[in-house]
Amino acid sequence: MATYDFIFDGLGLRDWCGDGEKSGGPMSMADLLGETSGQKVEVSAWDTPFPSLDNLHDACNAIPQSRDLTSGLERGFLDIKDSLKIVVDPLTQPLSWALNEMLWVMQALPWWIMIPLLMLIAYAVGRSMKLVALVAVCFGFLAFVDYYDYTMQTLAIIFVCAFICVLFGVPIGIAMSRSDRVQRMMIPILDMLQTLPPFVYLIPLIFLFSVTEPKLYGIAIILYAIVPVIRLTDLGIRLVDRDVIEAADAFGMTKRQKLFGVQIPLALPNIMAGVNQTIMMSLAMVVIASLVSAPGLGVLVLRGIRSLELGVGLLSGLGIVLLAIILDRVTKAALARINASQK
Amino acid sequence: MSDEIKIKIRNLYKIFGDKPQMALAYVRNGMGKTELLAEHNHVLGLNNINVDMPAGKTTVIMGLSGSGKSTLIRHLNRLIDPSAGEVLVNGDDILSYNDKQLRDLRQHHMSMVFQKFALFPHRTVLENAGLAPSIEGMGKGKYQKDARKWLARVGLEGQDDQYPHQLSGGMQQRVGIARALTSNSDIMLMDEAFSALDPLIRTDMQNLLIELQAELAKTVVFITHDLDESLKLADHLVILKDGFVVQQGEPQHILLNPADPYIEAFVSDINRARVLRVRSVMRQTTEAMGEISGEVDHDANLESLIERSGGDTTNRYRVMKGGQQVGILEMTDLVRSLVPRGGSSDPDAARRAG
Ligand SMILES: Nc1ncnc2c1ncn2[C@@H]1O[C@H](COP(=O)(O)OP(=O)(O)OP(=O)(O)O)[C@@H](O)[C@H]1O
Ligand SMILES: [Mg+2]
């Protein structure tokens with residue numbers, strides 16, 4: 001009947017497979033078609049199907065179908081979900097608060113405080129009037145086209161998420177730089193985080209948290225964006241000149257003094273490059289996260305796609321580009337200042 | 001000056017590899033560096049080193065590249081731990097030190113100057129010079145007087161707020177020396193401190209070190225692969241080859257009595273007239289001797305005497321030390337001492353022998 005019958009017959013496993021009749025479980029589409037048309041499915045050697053779960057199932061009922069696998073995964077996840085939630089929920093609650101508070105503050109402050117404040121921050125970080133002018137023009141434009149609120153929401157989310165990325169990423173990077181074992185353990189995890197398509201994070205997170213909670217998108221953004229800051233902190237510290245470290249040892253520095261007095265300052269250019277990339281990646285993710293109710297410019301992009309509002313889509317896309325330019329320039333200016341001061 | 005021994009190294013072995021203790025057994029049974037590497041894949045860094053380093057003097061450790069000089073000096077402040085053996089500083093076994101004692105040793109008793117300077121690129125010259133006090137938690141206000149004093153002493157006034165990359169190599173190494181001096185430690189370790197500098201600056205720095213030594217009388221351990229440099233600076237010379245000590249002693253003595261062909265080849269192509277002193281080639285006697293052409297100080301080098309005699313080999317000089325005659329120097333002895341034993345003048349001979 002099925003292509004792989006001979007294996008089970010040959011190995012004498014027919015009994016293990018259950019009765020020879022194919023009963024129970026829905027049939028595959030091909031079988032169904034074959035049955036209704038009343039024709040026997042003749043398979044030539046050329047068309048021999050891969051011995052996949054479904055094809056083996058055809059020959060032997062004891063082999064599960066591939067949809068049993070996916071539904072098994074789902075059931076497994078749902079089973080641990082509740083206990084996972086008990087642990088993860090309180091741990092991530094501060095993230096929800098932080099996001100809510102930041103969103104509230106940045107929208108509650110009137111524009112005539114907020115925009116000058118952002119200009120001031122740009123100046124403090126980059127020490128360049130050109131940069132301040134760029135910030136003023138970009139935010140002025142976005143406010144002018146009535147995207148001010150959306151822009152502030154996006155910015156609030158990025159600030160919170162990037163801050164948390166740095167808060168956790170730098171220590172993780174330091175731990176990696178100090179121990180080869182930790183590094184070997186972390187690298188596959190980081191590779192996975194970086195290569196998984198961002199949509200894939202969202203799926204289990206939706207099961208875990210309710211869509212109304214900000215931490216849902218917060219976690220998705222952080223998981224996606226934390227990788228560069230970890231990697232570059234690790235790299236930066238490992239790249240610190242061995243001779244300088246030796247000098248620090250030779251003059252009797254403690255490990256702590258070495259870390260804060262030598263390694264971190266000398267790794268700072270790399271760490272800042274990591275922060276820059278982390279911010280850029282949060283921005284990319286914040287757009288995708290609007291699928292799971294993250295507010296901000298991403299919502300407009302989504303509206304553009306969903307209801308084919310071309311103008312809205314393009315304009316909000318431009319807004320995201322402007323934000324990206326500002327964030328990139330400001331962090332790069334900070335980086336340039338560090339580089340100039342230590343060469 | 002006393003003959004007190006500041007640093008004693010006893011039966012020191014260092015083997016790089018996964019199982020140094022296993023390899024150590026082979027080395028103790030006489031296996032050499034090449035065999036050990038070929039048969040057991042371990043690198044023999046140091047092989048049964050015994051050295052006494054006198055207090056207040058300069059001990060120079062010399063050897064070709066890979067002979068284990070850097071490895072040896074790093075045992076003195078335990079940047080590297082040995083596979084076996086003892087290192088005694090002021091009579092204390094530093095291998096028994098815990099972290100705290102070790103830091104104290106490094107902060108207060110030993111400072112180090114590096115071949116590649118190893119200054120902190122993110123700190124100013126003044127902050128670099130004040131590294132040792134800053135590690136103890138002293139603020140800039142407190143240590144700056146001391147640090148400025150030593151910077152000035154090494155010839156770096158008014159550069160306080162520069163960053164290392166703004167200085168030339170020679171100036172950077174001066175900062176390195178000031179950094180070591182500011183720690184006020186009585187032992188100074190210098191790993192090829194002048195090797196990265198060009199010849200003129202290098203001579204300057206050697207002279208600076210000699211001046212400082214005359215003034216401060218620190219116990220200096222100086223590493224070099226340059227024989228001229230070692231003869232200029234050394235009170236005690238240790239020659240390393242493949243991780244073991246080939247010969248050690250007073251430099252003049254080594255020059256005149258090389259222990260093996262390796263050293264003979266090494267010393268064959270230096271300017272002996274400039275390096276050798278009258279005291280090393282004179283005949284010791286307090287008796288007056290026939291006809292004397294003049295008096296000469298015992299510490300004068302042969303070159304100056306040759307110039308004075310106008311090349312006349314029949315002359316004979318009275319050698320004086322502190323107004324007293326200590327010996328007689330025949331010019332014929334002097335001329336003979338200029339030719340190295342073995343007579344090789346091939347500059348590559350040292351390398352071939354090594
Ligand atoms: N960490 C290490 N692991 C393995 N082998 C080492 C290590 N450090 C040094 N060695 C080996 O020990 C030997 C001595 O090295 P060392 O650096 O002390 O030589 P050196 O005399 O200072 O040479 P140079 O003049 O080139 O600085 C060399 O053969 C070197 O390969
Ligand atoms: Mg070396």
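Reader: Which order do the four strands of the open sheet in chain B take?

Author: The order is 11-14-13-12, and the pairing is mixed. Before going on: this is a predicted model, where local features need pLDDT of at least 70, side-chain atom pairs count only at pLDDT 80 or more, and totals for chains, interfaces and linings use all residues. Residues are numbered from 1 along each chain as its sequence is written, chains are lettered from A and ligands numbered from 1 in the order in which they are written, and side-chain values use heavy atoms, with hydrogens and water left out.

Reader: What makes strand 11 and strand 12 of chain B edge strands?

Author: Strand 11 (283-284) and strand 12 (294-297) each pair on one side only. A strand here is a DSSP run of E with at least two residues, numbered from the N terminus.

Reader: How do you know that strand 13 and strand 14 of chain B pair?

Author: Two strands pair if DSSP finds at least two bridges between them. Strand 13 (residues 316-321) and strand 14 (residues 324-330) are joined by six bridges and run antiparallel, so they count as a pair. Within strand 14, B:Gly327 is the residue opposite B:Val319.

Reader: What joins strand 9 to strand 10 in chain B?

Author: Five bridges, between residues 236-241 and residues 244-249, again antiparallel. B:Ile239 has B:Gln247 as its bridge partner. The two strands form a hairpin with two residues between them, and B:Asp242 in the turn has a positive phi of about 50°.

Reader: How much of ligand 1 does the protein cover?

Author: 60% of the 630 Å² of accessible area that ligand 1 has on its own. That area comes from the Shrake-Rupley method with a 1.4 Å probe; for residues, only the protein chains shown count as cover.
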